[in-house]
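Hello,

Here is the structure I promised to pass on to you. Please open it alongside this message, and then read on for what turned up in it.

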Amino acid sequence: MKKGIITKGKYFVLAFIMVLGIFGGCGLEKTDDRKIEDLSYTILEEKEIPQEFLAVIEEKKEQMFKLTYTDEENLYIAVGYGVQQTGGYSISVNQCYLTQNAVYFDTTLIGPSKGEQVNEAKSYPYLVIKTKYSEKNVVFQ
């Protein structure tokens with residue numbers, strides 16, 4: 001009776017099949033950033049921000065931050081640009097849209113115009129929006 005002999009070629013094929021079996025089902029989720037729809041949102045004033053969320057923003061405002069907060073009905077998205085040496089800054093929302101896998105949010109910090117009279121005190125520009133609740137991850141661009 002002949003015993004089974006594994007040659008180098010068969011060993012390589014067997015090892016390759018084992019690797020496929022181990023890693024084949026462990027792929028990263030494919031991201032699909034194609035827009036399904038623009039999300040409607042409201043830019044909030046400080047007094048409209050939930051207190052728990054505002055407390056976190058206050059803790060983090062010295063540095064740049066990107067945060068989210070949810071309640072039963074709403075998703076809150078915040079972006080802060082850290083400490084600035086003067087006032088006169090604003091933030092524009094470039095995009096806020098839904099994809100198959102995520103909510104995409106993109107903003108830009110706009111500095112004071114040349115010649116604009118600004119407060120010489122440090123400022124901490126941030127923006128908070130409120131949109132409909134979603135369990136999807138938020139991708140900051």
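**What was found**

Strand 2 and strand 7 (residues 126-132) run antiparallel and are joined by three bridges. Across this pairing, Y41 faces T131 of strand 7. Before going further, please keep in mind that this is a predicted model.

The two strands belong to an open sheet of four strands, ordered 2-7-4-3, with antiparallel pairing. Strand 2 (41-43) and strand 3 (64-70) are at its edges; each has a single partner strand, so one side of each is left without a neighbour in the sheet. On average, neighbouring strands here are turned by 20° against each other, ignoring direction. Helix 2 (residues 51-60) lies across strand 3, strand 4 (74-81) and strand 7, and it runs at about 170° to strand 3.

Is K130 buried or partly exposed? Its relative accessible area is 30%, so K130 counts as partly exposed. Leaving out residues up to four places away in sequence, K130 touches S40, Y41, T42, L44, N74, L75 and Y76. Between K130 and T68 there are 62 residues in sequence, while their C-alpha atoms are 9.9 Å apart in space.

There is also an open sheet of four strands in the order 1-5-6-8, and its pairing is mixed. Inside it, strand 5 and strand 6 pair in the antiparallel sense over eight bridges. One place to look is S92, whose bridge partner in strand 6 is T108.

As for V103, its contacts beyond four places in sequence include L39, L75, I77, Y97 and V139.

In one of them, the ring centres of F65 and Y126 are 6.4 Å apart and the planes are at 45°, so the pair is tilted. This pair links distant parts of the chain, with F65 in strand 3 and Y126 in strand 7, 61 residues apart. F65 is buried, at a relative accessible area of 6%, whereas Y126 is partly exposed at 22%. The rings of Y69 and Y76 also make a tilted pair, with centres 5.8 Å apart and planes at 50°. Here Y69 is partly exposed, with 22% relative accessibility, and Y76 is buried, with a relative accessible area of 6%. Together with F53, Y69 and Y76 form one aromatic cluster.

Finally, two lysines sit over rings. K35 lies over the face of Y97, 5.4 Å from the ring centre. The charged end of K61 is placed over the ring of Y124, at 4.7 Å from its centre.

Enjoy exploring, and do write back with any questions.

Best wishes

Terms used. Residues are numbered from 1 along each chain as its sequence is written. This is a predicted model: local features need pLDDT of at least 70, side-chain atom pairs count only at pLDDT 80 or more; totals for chains, interfaces and linings use all residues. Side-chain values use heavy atoms; hydrogens and water are left out. Two strands pair if DSSP finds at least two bridges between them. Axes are lines fitted to C-alpha atoms, for helices over the stretch in contact, and angles run from 0 to 180 degrees between N-to-C directions. Contact means heavy atoms within 4.5 Å. Buried means under 20% relative accessible area, exposed over 50%, partly exposed in between (1.4 Å probe, protein chains only). Rings of Phe, Tyr and Trp (its six-membered ring) pair if their centres lie within 6.5 Å; planes under 30 degrees apart count as stacked, over 60 as edge-to-face and the rest as tilted. A charge sits over a ring if NZ of Lys or CZ of Arg is within 6 Å of the ring centre and within 35 degrees of the ring normal.
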